[in-house]
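Hi,

Here's the structure I promised to pass along. Have a look at it first, then read on for what I found.

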Amino acid sequence: MIPSPRRHRLAAAASLVLLACAVHAQTSDPAAPNSPAPIIERNAPPRPAVRPRVTPPKPASEPAAQPSALTADLFYEILMGEITARSGDPGSGYALVLNSARRLRDGKLFQRAVEIALQSRSGDAALAAARAWQETLPTSRDARRIELQILIALNRIGETVEPLRAEVAATSQIERPLLMAVIARNYSRASDKKLAASVVERALVDELKSPTTGGLAWATVGRLRLNAGDNSGALEAARKGQEIDPASDAPPALALELIDSSQPLAEPIVTRYLASNTKATPELRIAYARVLVENRRYGDAQTQLQALTTSRPELAEPWLLLGSLQMQAKQDGAAETSLKRFIELSASQNKDKDKDADATDRGRSLTQAYLALSQLAERRKDLAGAERWLARIDSTEDLTIAQTRRAGLLARQGKLPQAREVIRALPERTPEDKKQKFLAEVQLLRDAKQYQAAYDMLAQASTATPDDGDLVYDQAMVAEKLNRLDDMERLLRRLIQLKPESQNAYNALGYSFADRKIRLDEARTLIQKAVQLAPEDPFIADSLGWVEFRLGNTAEAIRILEAAYKTRPDPEIGAHFGEVLWSIGQKDRAVTIWKEALLSDAENETLQETLKRLRVKP
């Protein structure tokens with residue numbers, strides 16, 4: 001017959017109790033003092049009941065099994081606790097299970113009491129059960145970990161100093177890095193973040209003094225200070241961590257997150273570590289290079305990556321990053337070598353690997369390399385070679401990128417209508433896909449010098465979405481190509497209203513005035529605002545040098561343009577720098593710079609206009 005719901009619940013509860021009894025018969029406390037599990041993490045759900053294995057009777061010579069402490073009364077109490085908790089009275093069920101846990105000294109039953117309290121949203125009751133567990137079984141690390149977890153969840157951070165200190169002391173040295181990462185992650189969730197940083201610092205007082213653990217401990221404190229908005233305190237923690245343990249990579253990893261113009265002492269922590277540790281982790285050097293790129297310090301980033309590819313040539317990722325920077329710097333031969341080396345290493349390293357979570361990242365990295373090599377082939381007018389590299393991209397996620405590049409190749413061969421069709425045939429899964437398709441088609445028209453058609457498309461789109469800053473900026477740039485300078489100014493001022501922090505808007509408007517030799521004081525003010533917003537951008541520095549030249553400040557113009565060209569030897573910057581040198585009679589040096597620029601991009605419009613106007617043939 002079909003059992004009634006009441007009997008069904010009773011059978012389920014009995015199964016749980018039988019499981020608990022079986023566990024109790026095996027061990028009185030499953031949490032060994034040397035358990036390696038990280039603290040404060042949410043416990044795994046209770047294991048489901050399993051069918052007991054049938055074992056043959058032991059020989060008579062073996063010691064007789066010890067009788068279980070589970071009496072009929074205790075069995076009934078546990079059973080009623082489970083039934084009561086499942087029947088809508090978790091408070092009574094909690095009390096019964098907790099009482100049984102105390103009497104049996106059973107860790108699993110204490111854990112069950114905690115779970116019942118948490119399911120009924122009673123944090124105080126859960127904490128009481130965890131503390132009772134710890135009083136009854138003082139060596140249980142699980143009890144202490146759950147107590148810590150509950151205290152943090154209840155935001156009773158001040159009470160966690162001693163249990164956290166005990167947990168750290170019980171953790172082996174090899175497990176400390178994982179422990180510190182868990183501490184930083186969990187305490188960062190506290191509402192009073194400054195208190196959390198202070199509590200962790202007090203709990204780690206012994207570790208902070210130790211040459212063995214000091215670097216890692218100070219970095220943990222520093223991360224919590226950073227989470228609390230105390231950047232100077234985080235920097236001080238990184239500095240102290242490096243002083244006590246110069247070989248630790250934790251303090252420089254923290255310092256990486258602090259590198260900016262307001263924290264000039266952060267970067268030396270990183271550079272000292274890299275310079276003094278021959279076994280510096282490659283991951284940290286790669287991360288440093290990425291930070292340098294984010295700050296537009298491309299030359300410094302390239303130096304770091306060259307050092308890494310020299311010392312660890314077997315690593316694939318640095319070759320990709322280096323090749324991308326070399327390509328950006330128009331060092332095409334070196335870029336091609338680096339990118340092909342990356343592809344070779346990726347193929348050899350991934351040959352025997354199964355598909356895993358990293359497969360997508362590896363695929364994207366390969367796509368990036370193929371796209372870069374296609375672009376390099378296109379630069380040297382090898383359009384067939386460019387298409388061959390694109391053909392190696394087999395990821396459906398990168399279909400839009402590959403097809404956009406194919407459209408560009410068609411347009412360069414004079415097949416603009418076919419190129420536009422390629423773009424229009426791309427799928428539109430999201431509104432962002434639709435926008436990217438639109439911008440790609442506009443770029444095809446711009447590259448083909450079909451400026452009026454591009455302007456019309458942008459004007460129509462801007463009418464539909466007038467607050468889209470990207471569309472406003474692109475329309476302004478096309479207006480400049482059509483010599484509709486009033487429209488360009490109106491659009492750029494509109495963009496400044498929409499996005500007051502848009503350095504590109506200030507720079508473009510200021511440069512347009514400087515290039516036409518009008519409103520030069522206003523031009524300098526606009527460009528200086530752009531410099532404030534992006535102080536490391538060499539193109540904005542180029543604009544500032546150009547306006548200084550227009551104002552007659554030649555020496556200042558040379559200083560600014562020379563630094564910009566050194567940072568980024570772009571043909572347009574080279575065109576301006578060379579013209580300023582030409583104007584003061586340094587013609588040989590100007591011609592040298594122009595020759596370098598022509599090697600990078602002989603078709604650059606600004607460079608060609610400059611040479612034509614000055615009647616120079618380098």
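The protein has 33 helices and 0 strands. Keep in mind that this is a predicted model. Of its 618 residues, 45% count as buried. The protein exposes about 32,400 Å², and carbon and sulfur atoms supply 52% of that. If you take contacts between residues at least 6 apart in sequence, 55% join residues at least 24 apart.

Now for the inside. The largest nonpolar core has 67 residues, and those touching the most other members are Phe-438, Leu-492, Val-547, Phe-577, Val-580 and Trp-594. Helix α27 (residues 503-515) gives this core its largest share, 7 residues. Another core lies apart from it, with 27 residues, including Ala-238, Ile-286, Ala-301 and Leu-308. Back to Val-547: leaving aside neighbours within four places in sequence, Val-547 is in contact with Ala-514, Leu-520, Ala-523, Arg-524 and Ile-527.

From first C-alpha to last, α6 reaches 18 Å, close to the 18 Å expected for its 13 residues. Is α6 mostly covered or mostly open? Mostly covered: 11 of its 13 residues are buried.

At the N-terminal end, Ser-140 caps α6, with a side-chain oxygen 3.5 Å from the backbone nitrogen of Asp-142. After α6 comes Asn-155, whose phi is positive, near 65°.

Cheers

Conventions
Residues are numbered from 1 along each chain as its sequence is written. This is a predicted model: local features need pLDDT of at least 70, side-chain atom pairs count only at pLDDT 80 or more; totals for chains, interfaces and linings use all residues. Side-chain values use heavy atoms; hydrogens and water are left out. A nonpolar core is a set of buried Ala, Val, Leu, Ile, Met, Phe, Trp, Tyr and Cys residues joined through side-chain atoms within 4.5 Å. Buried means under 20% relative accessible area, exposed over 50%, partly exposed in between (1.4 Å probe, protein chains only). Helices (H or I, at least four residues) and strands (E, at least two) are DSSP runs, numbered from the N terminus. Contact means heavy atoms within 4.5 Å. Accessible areas come from the Shrake-Rupley method with a 1.4 Å probe; for residues, only the protein chains shown count as cover. The expected span of a helix is 1.5 Å times one less than its number of residues. A polar contact is a pair of N or O atoms within 3.5 Å; within protein, one must be able to donate a hydrogen and the other to accept it, and residues adjacent in sequence count only if both atoms are side-chain atoms.
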